[in-house]
Amino acid sequence: MIKSFATKAHKLSTNLNLLRIIRLIWSATKLWTTISIIFIMVESALFFASLYLLKLLIDTLAKKEANLVQYEDRVINLIIFATLAAVLCAAAKAILGYITEKQSGKVAEYVDNKIHESAINLDLSFYESPEYFDILKRARDMGGDRPNLIVFTIVDITKNFINLIIIGSILVSIDWRLFPILTLFVLPTLWVRIIFADSQNVLRITQTALERKTNYLSTLLTSDVHAKEVRSFGLGEYLRKMYSEIRLLLLSGKLKLSKERTYRELVTSAIATLGFFSCIAYIAIGSVRGNTSVGDITLFLVAFPQSFNVIQTLSSGISTLYQNNIFVKSVFELFDLKSNLVQAQHPLPIPNDASIDLEIKDLNFIYPHAEKPTLTDINIKMPSGKIIAVVGMNGAGKSTLIKLLCRLYDPTSGTISLSGTDIRKYSIKEYQKQICAVFQDFGKYNVSAADNIRFGDIDGKRDRIEIIEAAKNSGADSFIDTFPARYDTIMGRIFEDGHEVSIGQWQKLAIARSFYSKSRFIILDEATSALDATAEKELFDSFRERIGTRSALIISHRQSAVKHADYIYFLSNGTISESGTHQELINLKGAYYNLFNKDLAQKQQ
Ligand SMILES: Nc1ncnc2c1ncn2[C@@H]1O[C@H](COP(=O)(O)OP(=O)(O)OP(=O)(O)O)[C@@H](O)[C@H]1O
């Protein structure tokens, strides 16, 4: 048992990240941590003073003095000081409670901020990895009340540790054997608690994926996004049953562990109580035999239950800290994750000249954890001021190409260059500012129509004229103008006073956002799929005027969207199989010709 305890203790110290937790608390709030340390000291000093004064009082009472007046004064003074120390100790304890609350609020805010900062800075590949979502879930579970709990527990442990030394020294002064005996009897409780905290952590790790699944099912059952399909396909009952079954499975795992823990704690608590009464018996026998003074017995009766309490609280504090360690660990794991995109050490400035082009050369790309490449031998030129189009069947790799152009991923081999320089030599943020993409799953922001557009250039000044101009260019102005609050109308139905708009109207807002951006390249990935035929025709017939001097890349399954492009690439199974102008590709009578309906293409010739 001792060996096992030692191993556990070693694991505890290495696993606990204690130093790192303390550093985190210190970084979050130096001021409140300093005040908290001061008050811990003050409270402990007052606690010691009140006990010591009580001891002096008992000793004085035990030895009556001849001078009664002096004797009485002495007793009264000791009572006053002991009371004062006890009152001040209680006051310090109450103030420390407030300070800890303040301190833990700051820590919670700091942890939340750091979690969000890490989540923003990690590259897209993390958002396509289940392991990352598990870490993120556990780290986010650290939010809420958990930082509070950890700060409170650390404060409590520190306080109780100091109190233990104080009470321990008092007990040693009565009889040196008391303290080790008591500690020895309480150790099994601590051991059991740590073992089970450890098992609980293992259980939490193994249950994270299932917990995420229940969260997902709950979202399906309750979110507005899925409400229509859940009803029309009658999925509600099926999903609810699935949710309940997983919750039951999770609960049974927790209950099994809890049952075992309760049984073992019953045994170890009995051992601790046995220790407590053994010490009392030892002192009582000493008293009967005249070996222990009345003062010592009284002091023992005051200090001993307190010490028992302190040791128990200390052991439960340590196990609470250990239990929460899994969340702390996940937070640190998240903080330690590094983006796979390597930032240039000395980034080059983005060229300022009017003509700026993008070129993809001999590019190959394989997704992390994927078995085969998604893109092979890609060569594409995006000259300044030109419109190019990429066409291909579902799954050909078009969106993947966009992710690479936006530097959300880096190519496995080959290069993407901006004005002849590999884009990895620029700062990621500055490069990404040059490209504005409207993705297939574009964002629908429940903010005002104006802000939906302004998000295209969040760092720029709020220019209402430019926002209206962008809305006109995308065709969004026609529906925004029908709202009484026009550009100040909140989009979507999540918040009060919000106006839901159609998918096509959301798409027009997203396109307006890209027009409003200051990027020199606009990418539309199936960004007009929900636009009506007239709106789409209007947009693309005068697309060149609408984008000004910028270059554009259009991905679409519709001929009307791509036929005006200066150059078209046909992507097939991750490679470019055809390229040329619309007319050249029609004449070729290959995959492009076949994709866009032979008859229609023939009519157009
Ligand atoms: N994160 C990912 N990890 C692994 N494979 C992926 C990932 N994302 C996409 N793929 C795979 O890459 C291939 C190309 O996907 P991509 O989304 O680029 O196709 P697409 O041409 O845009 O298709 P669509 O026309 O349907 O939008 C698909 O086979 C897809 O399964």
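Tutor: Helices (H or I, at least four residues) and strands (E, at least two) are runs assigned by DSSP and numbered from the N terminus. You are looking at a predicted model, where local features need pLDDT of at least 70 and side-chain atom pairs count only at pLDDT 80 or more, while totals for chains, interfaces and linings use all residues. Residue numbers start from 1 along each chain, as its sequence is written.

Student: Zooming out, which domains is the protein divided into?

Tutor: Domain 1 covers 9–336, domain 2 is 353–434 + 522–605, and domain 3 is 440–518; the bounds come from an automatic or database domain assignment. The C-alpha centres of domain 1 and domain 2 are 58 Å apart.

Student: Where does UniProt put the transmembrane regions?

Tutor: Its unreviewed entry lists residues 31–54, 74–96, 149–172, 178–196 and 266–285. Those positions use the numbering here, feature names are shortened, and annotations may be inferred rather than shown by experiment. In the model, residues 149–172 are 100% helix, with end C-alpha atoms 33 Å apart. Residues 178–196 are also 100% helix, and their end C-alpha atoms are separated by 28 Å.

Student: New topic: which residues have the most contacts inside the largest nonpolar core?

Tutor: Leu405, Ile453, Ala512, Ile523, Ile554 and Ile568, in a core of 75 residues. Helix α17 (residues 503–516) gives the most to this core, seven residues, and domain 2 and domain 3 each supply at least three. A nonpolar core is a set of buried Ala, Val, Leu, Ile, Met, Phe, Trp, Tyr and Cys residues joined through C-beta atoms within 7 Å.

Student: What makes a residue buried or exposed?

Tutor: Using C-beta atoms placed from the backbone, a residue is buried with 20 or more others within 10 Å, exposed with 12 or fewer, and partly exposed in between.

Student: What is alanine 512 in contact with?

Tutor: Leaving aside neighbours within four places in sequence, Ala512 contacts Ile453, Ala470, Ala471, Asn473, Ser474 and Ala476. Contact means that the two C-beta atoms, placed from the backbone, lie within 7 Å.

Student: Is glutamine 507 buried or exposed?

Tutor: Gln507 is buried, because 26 other C-beta atoms lie within 10 Å. This residue is in helix α17, and beyond four places in sequence Gln507 contacts Ala527, Thr528, Ala530 and Leu531.

Student: Why does helix α8 lie largely in the open?

Tutor: Of the nine residues of α8 (residues 224–232), zero are buried, so this helix lies largely in the open. Glycine 234, which follows α8, has a positive phi near 60 degrees.

Student: What about arginine 407, what is its phi?

Tutor: Phi of Arg407 is near 50 degrees, a positive value in a residue other than glycine. Arg407 sits in the loop between α12 and β4 (413–418), and counts as buried because it has 21 C-beta neighbours inside 10 Å.
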